[in-house]
Amino acid sequence: MPYPRIYPIHDHALTIEFSTLISEEVHRKVMQMKRVIEKNSFDGLVELVPAYTSLTVYFRPPASQIEVHAILQEQASNLKESDEEEVHRKIEIPVCYDPSLAVDLEIVMQSTGLDHDSIVRLHTENEFKVYMIGFMPGFAYMGTLPPALEIGRKKTPSLNIPSGSVAIAGKQTGIYPSTSPGGWNVIGRTPVRMFDPEQPPYSYLQAGDRVRFKAISLPDYESYL
Amino acid sequence: MSITIIKPGIHSSLQNLGRWGLQAFGIPIGGAMDSESAITANRLCGNDDNANVIECTLHGLVIEFDELTTFAVTGGGCRLQINGEEVPFNRMIKVVPGSQLKTLPFEKGCRSYFATPGGWKGNAGQVLNVGQILSTENIPAPHLAASIVIGNDGFGIGNWKAPEIELPSIHSTTNIHMLPGPEWDDFTEESKKAFTESTFIVSPSSDRMGYRLNGTALKLKKEHELISTPVTRGIIQVTNNGDPIVLMADAQTIGGYPRIARVSGSDISLLAQCRPGSKIKFIYNP
């Protein structure tokens, strides 16, 4: 299939997909496309939703599917290796990796063969990129984890993962913004509120952000709250 | 002007046409399931299309009017009674304080929409509870409302109406038009055929987020790597066990299952009026 591929997911929403494989380079194109559409906004544009490999454009009249399709096709063919530096925020997030909060620490140690200190080191020494927000309000999909830290999803999802839990699955890491069921392996907890329904833009992180985790002690974690 | 929720019924909530512009933060659009009926209710009351309405699922909602009130109900899924007397959908109604409006079981449709001039105050999406009081902005009712004469039974009905909509019956099959989804061609020819030729039943575990359908299990040509892709209202995903799920008003923004099809925009409100147990058939006219 030739890429990029443009298809409707709704009468008023077109997705432009750059690949079916997740990579930094593909995501760079997604964010570049988002900036290009923002710069060349059109009458009827509602919102842009970036994902791992695609950007979805929501619109309403007077914009039509045919017109938006043409705009996407044209802008995509003009995408170049942009010389302008992608503007992104750098965000440091404190995480307490204490075993009392890292409920899946045992599973992760067994599966990866790493000790606790190595897990914390690998998780804090790398900068991660926010690929997209989804699954639930404010849930950031971040990557890419070093191969040594890769571990599959849990076979049986946990029913109650506490809000603020920092978890890993595959090449990804994420933070549960509110208490929810989930299949990722919890290795710590942040006191930072990732989603605040009272405070626009509600989500602490957004696609494109660069995140670095900073280990904090249990007393520090408690004093944050 | 205010009303008291005596009983919220099976599920009642405040809805408008959804919050837009926040999907990039993982926040679903939400809004009325049958947005066409919500708009009609608002237009009968002289409101903006996006004003808050009460969405009542099936029956059981009982409202008491604390003051002289004009209102209109659209959609379906129940019968309406004021102080024990049957009253119609799709008309403006005026009631005296102390009157009660009841929603009773009916075999067609699934959701009804209650609008009042000015719209209900409150956060769209909130679920209504027993004893909750809802009020409105104090705006004058449309001039036409003044022409409604209140009878001895404590209410009056306007002599104009909005058009009735087709309500799906639990006893027949409802045709829903669909268009191929992004992963349509990843399904076997047999499954594509079964999808448009067989009948599916709306499962009891359906809600505002999605309709689970039971019927022929749908199969992919080969197993997919699960990559998260954008989804929205109307998208039909197929779970690992082959059951389709139609995403509805509270659809999440990102989904992990292959998207076999999407419901045509013109039939989403019709589907929202199908209740659990309803039979539906997907129609595809390439």
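Between chain A and chain B of this predicted model, the count is one salt bridge. That pair is Asp11(A) with Arg262(B), whose closest N and O atoms are 2.9 Å apart. On the side of chain A that touches chain B, the elements giving two or more residues are β1, β2, β3, β4 and β6 (128-133) of chain A.

Let us stay with this interface for a moment. Chain A brings 38 residues to the contact and chain B brings 29 residues. The size of an interface is often given as the accessible area lost when the parts come together. Here, the area buried between chain A and chain B is about 2,400 Å², with carbon and sulfur atoms giving 60% of it. Which three residues supply more of the area that chain A buries against chain B than any other three? They are Ile9(A), Glu47(A) and Tyr58(A), which together supply 21%.

Chain A also has an interface within itself. Its domain assignment gives domain 1 (5-77) and domain 2 (90-224), and the C-alpha centres of these two domains of chain A lie 29 Å apart. Eight residues of domain 1 touch nine residues of domain 2 in chain A. Of the area that domain 1 of chain A buries against domain 2 of chain A, 69% is supplied by Glu24(A), His27(A) and Tyr52(A), more than by any other three residues. Helix α1 (residues 24-39) of chain A gives four residues, the largest share of the side of domain 1 that touches domain 2.

Here are the two interfaces side by side:

| Interface | Buried area | Share from carbon and sulfur | Salt bridges | Polar contacts |
| domain 1 and domain 2 of chain A | about 750 Å² | 59% | zero salt bridges | three residue pairs |

Now for the sheets. In chain A, four strands make an open sheet in the order β1-β2-β4-β3, with antiparallel pairing. Its edge strands are β1 (5-10) and β3 (45-50) of chain A, each of them pairing on one side only. From one strand to the next the twist averages 20°. Five bridges link β3(A) to strand β4 (residues 54-59) of chain A in the antiparallel sense, and in β4(A) the bridge partner of Glu47(A) is Tyr58(A). Helix α1(A) packs on this sheet, touching β2 (13-17), β3 and β4 of chain A, and its direction makes about 165° with that of β3(A). Helix α2 (residues 65-77) of chain A lies across β1, β2 and β4 of chain A and runs at about 20° to β2(A).

Chain B has an open sheet of six strands in the order β7-β6-β9-β4-β1-β11, again with antiparallel pairing. Why is one side of β7 (85-87) and of β11 (133-135) of chain B left without a neighbour in the sheet? Both stand at the edges, each with a single partner strand, so one side of each has no neighbour there. Neighbouring strands of this sheet are turned by 30° against each other on average, direction ignored. Within the sheet, strand β6 (residues 78-82) of chain B is joined by five bridges to the antiparallel strand β9 (residues 100-105) of chain B, where Thr103(B) is the bridge partner of Leu80(B).

How values were computed: Residues are numbered from 1 along each chain as its sequence is written. Chains are lettered from A and ligands numbered from 1 in the order in which they are written. This is a predicted model: local features need pLDDT of at least 70, side-chain atom pairs count only at pLDDT 80 or more; totals for chains, interfaces and linings use all residues. Side-chain values use heavy atoms; hydrogens and water are left out. Two strands pair if DSSP finds at least two bridges between them. Axes are lines fitted to C-alpha atoms, for helices over the stretch in contact, and angles run from 0 to 180 degrees between N-to-C directions. Domain bounds come from an automatic or database domain assignment. Contact means heavy atoms within 4.5 Å. Buried area is the accessible area (1.4 Å probe) that two parts lose on being put together, summed over both. A salt bridge is a side-chain nitrogen of Lys or Arg within 4 Å of a carboxyl oxygen of Asp or Glu. A polar contact is a pair of N or O atoms within 3.5 Å; within protein, one must be able to donate a hydrogen and the other to accept it, and residues adjacent in sequence count only if both atoms are side-chain atoms.
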